Each structure stands twice: as structure tokens, then as C-alpha cells.
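Welcome, and thanks for taking a look at this one. Here is a short briefing to read alongside the structure.

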Amino acid sequence: YASSASIMIKTGASSGSESLRSSSIMNQMIGNEGLVSTINNEIIILRSASLMDSVVRNLGLNVSYSYKTKIAKRNKALYQDSPVLVTFEDLDESAYFDFTLIPKDDTHFILSDMSEKAEGKEATFGEIIITPVGKMIVTEKWNYQSLIGVPIVVNVVPVSVMSASLRHRLYVARDDEKNSILRLSINDNSAARAADVLNTLIAVYNNDAIADQERMLEYSYKFINGRIDQLYGDLDSLQEQVVGFKVANVLLDTKSLGEADLAARSASSAEVKNLQAKISRVSYVLDVANSVSDDGVLPMTSEMGDEQTSLITQYNTNSQKLSKYRESGITENPAAKKLASEQPVLLASIISILETELNSLQAQLIMARNEGSVATSRIQAAPEKQVRIGSVEDMLKIRQQLYLTLLTKREEMLLE
């Protein structure tokens, strides 16, 4: 059976290239140049092992039930129609075993194929049974009477194995380059299970995305509140200095000398902040590159040139291919070996280029700070009173603008 579904990725742009997870929040924090995921990143997330592992756990798909039909003598899966439910206490997710249950009457069943000691053992529904794989409890379901005397095979596989099987059968593709709709489909020998897998996968994906947004919103909200409180105290202090200076020096207009130098210092300060933000983003990518796994992917930033973008794109493409080779169990394939040997060399080149870019940005930062220091020195050479009050008023304006900006951002985040 095949089951299919369609989802629309929420975007912040009409091109549909931004991620539900990061676009709106990241753009609030670091502007349109911030790092955002593409639709292709969302496809990778939907096909990720961690997401499918959660689906297997939520639906309990690592435990399956089946029986042989009387006429065709074929195994028939009992996804939602199993007459019994087996619950394990502290079951190891890597466990791999199977056994048989034979419903005997309304209160008893026979356990077999578990071990020599438990072979043919009669047990009661609802009681705790000690087995080689730990404690388990068997309970009857609403359709129990229909399969009395029929051997029910209970098969337990590792969560990772079931997850890999589902991922291998899962197809995720973009509907069209002009929209942000993704089409999902999966094949399974149970139509109900196929539908449940897709519905649960979408639910887990949405929940993870919402959780990511909530964590970032919470962090940003706390940070903004802290800065607002600090700025409020700074504004009071600066306003008191301005009023006191005017009263003490009998001044009405404080604007005159030093305006050009003050503007230069403000521009230098803005450049320093911009360079610090760029250094932070490049450092983040470099940290990821230094700790990325063989089949991991690397993010990209707007600071990267064509060479950096090309190398990282190639690395991510190779990582996806290696992941598919591993899923298919053909890691000894010459092509897979070649890709695996190329990845470290490619990663080393990326790290080298990122380190060069980081050194260049740090050198620019030093120059910008030096320019700010020069402007400050010229300001200090101006008449003392004018410089003092000009500096205070400049800082007051900056604080007021930043204070209003943060208040606006806080209101927008509360609405989200």
C-alpha cells in the first residue's frame, strides 16, 4: 500500500526559500543577512534519523504482531488488529527478538519460543512475566475472542532498524520550484500504518519546529528584557548629566564643534558592531565544521564567497550521498569509499578558508576600532565643555533609539 501527504513550509518570503524553524526569528535578531535554511534543508530534516526514531517510538512500531492465515498459510500483519498488547518494562531500544503467544481462554495464554524455561508456559493476562529480555505484561484487547487458539508472533526489532526501514521507503520532494509545498509518500504492507507514519512524522516535525522557535523566542525575550532594564537605568543617568551640565554652565544649545568627529565615531562604532556580528557568524560555521560528523551538513552565511559556497555545497552533497550509502548498507562500494576519503580533504579546505576569512574580519575589526580611537582623540581636542556635553547627548540618543527598538521587538515577539 502507498500513502501520501502534502505540507506547506511556512516562509518569510514569497520565494518560499526560508525555513519554518529559523527565518522569522533569525531575521529579527540579525537581519536579512542572517543564516536561514532552504527548502532542501527541510527535506533533510524530514528524512532525518532522529525524526523517524521519534515516529517509531510514538507509534511503538519496533514491536509488531502477525499470524499465519488458515487458508493461504501466509503471515498477516496485525498493526491495529492485534488481539493482545505486549508491554515491556525498560526494553532496550537495540533489542532484537521474537516469540509466540497463543490465546487460550478469557484469562490465560501460552508463551512459547521465548526460552527453554519459558517454552509452553501458561500465563495470565495482566500479570508481570519475567523473561530473558526483562519484565513484560500481556493484556487482551477488544477483538481477543476472534483469535483464541491462533499463534500470534510478536516481533521486536531495534528502533534504529525500524526507523531505517521506514526512511528507506519514505519519499520527500518539492512540489514545484515556485512554491514551498513538499510531497511525502511511503509504501508499507499496512495501509493504516503507512498513513499513521506520515501523520505522525508531520506532527513530530511541526512540534520540533515549534519547540525550536519557542526556545529561541524565550532566549531572545530574556535577553531583550535584560537590555531594556539596563538601558532604562542608563537613560536616567545620562539625562541627569545633560540637565546638570546645562544648569551649571548656563547653556541652551549644545551643538556646535565636534559634530563631524562625533559622526565619524558613530560610524566607526556601527562598523565595529557589524564586523563583530560577521565574525560571530563565521565563527559559528567554523565551530560546526570542526565538530561535524561524516554525514553531517554545514551551514552557509552571506559573508561567504563563491569558492566557500561551492566547497560547502559539495561537502553537503557528498554527506547526503554517504548517508544514503550507509542506509543502503553499501559502504564498501568503491564510489562510497571514494566519497568517504574525499570528505576529510574537502572539510580541511573549508576550515582553512573559513580561518582565513575570520582572520581578515578580525583585522578589519582592529582597523575600525583604531579609526574610532582616532575620532575620539580629535573630539577630546575640541573645547572641553562642548565635547563633554556632546558625548553625553550622543550616548543619550543612541540609548533612546535602542530602547525604543527593543521595546518594539519585544512587542512583536509577544505577538508571535
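In what follows, buried means under 20% relative accessible area, exposed means over 50%, and partly exposed covers what lies in between. By that rule Arg169, with a relative accessible area of 25%, is partly exposed. Please keep in mind that this is a predicted model.

**Salt bridges**

- The model has eight salt bridges by the rule used here.
- Asp188 forms one of them with Arg169, and the closest N and O atoms are 2.7 Å apart.
- This pair links distant parts of the chain, since Asp188 sits in the loop between S12 and H5 while Arg169 belongs to helix H4, 19 residues apart.
- Asp188 counts as buried because its relative accessibility is 8%.
- Asp188 also meets Arg193 through their side chains, in a salt bridge of 2.9 Å from N to O, and both Asp188 and Arg193 are buried.
- Another salt bridge brings together the side chains of Glu93 and Arg57, at 2.7 Å from N to O.
- Glu93 lies in the loop between S4 and S5 and Arg57 in helix H3, so this pair ties together parts that are 36 residues apart in sequence.
- Glu93 is partly exposed, with a relative accessible area of 37%, and Arg57 counts as partly exposed at 42% relative accessibility.

**The nonpolar core**

- In soluble globular proteins, nonpolar side chains tend to be buried together.
- Here the largest nonpolar core has 26 residues, and those with the most contacts inside it are Ile7, Leu46, Leu166, Leu182, Leu184 and Leu201.
- Two or more residues of this core come from each of helix H2 (39-46), helix H3 (49-59), helix H4 (159-169), strand S11 (170-174), strand S12 (181-187) and helix H5 (191-249).
- The most comes from H5, which gives seven residues.
- Which residues does Leu166 contact, leaving aside its neighbours within four places in sequence? They are Met52, Val56, Leu61, Ile186, Asp188 and Val197.

**Aromatic pairs**

- There are four aromatic pairs in the structure.
- In one of them, Phe88 and Phe99 have ring centres 6.5 Å apart and planes at 80°, so the pair is edge-to-face.
- Phe88 is in strand S4 (residues 84-88) and Phe99 in strand S5 (residues 97-103), so the pair ties together parts that are 11 residues apart in sequence.
- Phe88 counts as buried at 14% relative accessibility, and Phe99 counts as buried at 0%.
- The rings of Phe109 and Phe125 have centres 5.1 Å apart and planes at 40°, so this pair is tilted.
- Phe109 belongs to strand S6 (residues 108-112) and Phe125 to the loop between S7 and strand S8 (128-131), so parts 16 residues apart in sequence are tied together.
- Phe109 is buried at 1% relative accessibility, and Phe125 is buried at 11%.
- Phe88, Phe97 and Phe99 form one aromatic cluster.

**The sheet**

- Six strands make up an open sheet with antiparallel pairing, in the order S3-S2-S10-S5-S6-S7.
- Strand S3 (75-77) and strand S7 (121-124) stand at the edges with a single partner strand each, so one side of each is left without a neighbour in the sheet.
- From one strand to the next, the twist averages 35°.
- Strand S2 (residues 63-68) and strand S10 (residues 152-156) run antiparallel and are joined by four bridges; Val63 has Val156 in S10 as its bridge partner.

Definitions and conventions. Residues are numbered from 1 along each chain as its sequence is written. This is a predicted model: local features need pLDDT of at least 70, side-chain atom pairs count only at pLDDT 80 or more; totals for chains, interfaces and linings use all residues. Side-chain values use heavy atoms; hydrogens and water are left out. Two strands pair if DSSP finds at least two bridges between them. Axes are lines fitted to C-alpha atoms, for helices over the stretch in contact, and angles run from 0 to 180 degrees between N-to-C directions. Rings of Phe, Tyr and Trp (its six-membered ring) pair if their centres lie within 6.5 Å; planes under 30 degrees apart count as stacked, over 60 as edge-to-face and the rest as tilted. Buried means under 20% relative accessible area, exposed over 50%, partly exposed in between (1.4 Å probe, protein chains only). A nonpolar core is a set of buried Ala, Val, Leu, Ile, Met, Phe, Trp, Tyr and Cys residues joined through side-chain atoms within 4.5 Å. Contact means heavy atoms within 4.5 Å. A salt bridge is a side-chain nitrogen of Lys or Arg within 4 Å of a carboxyl oxygen of Asp or Glu.
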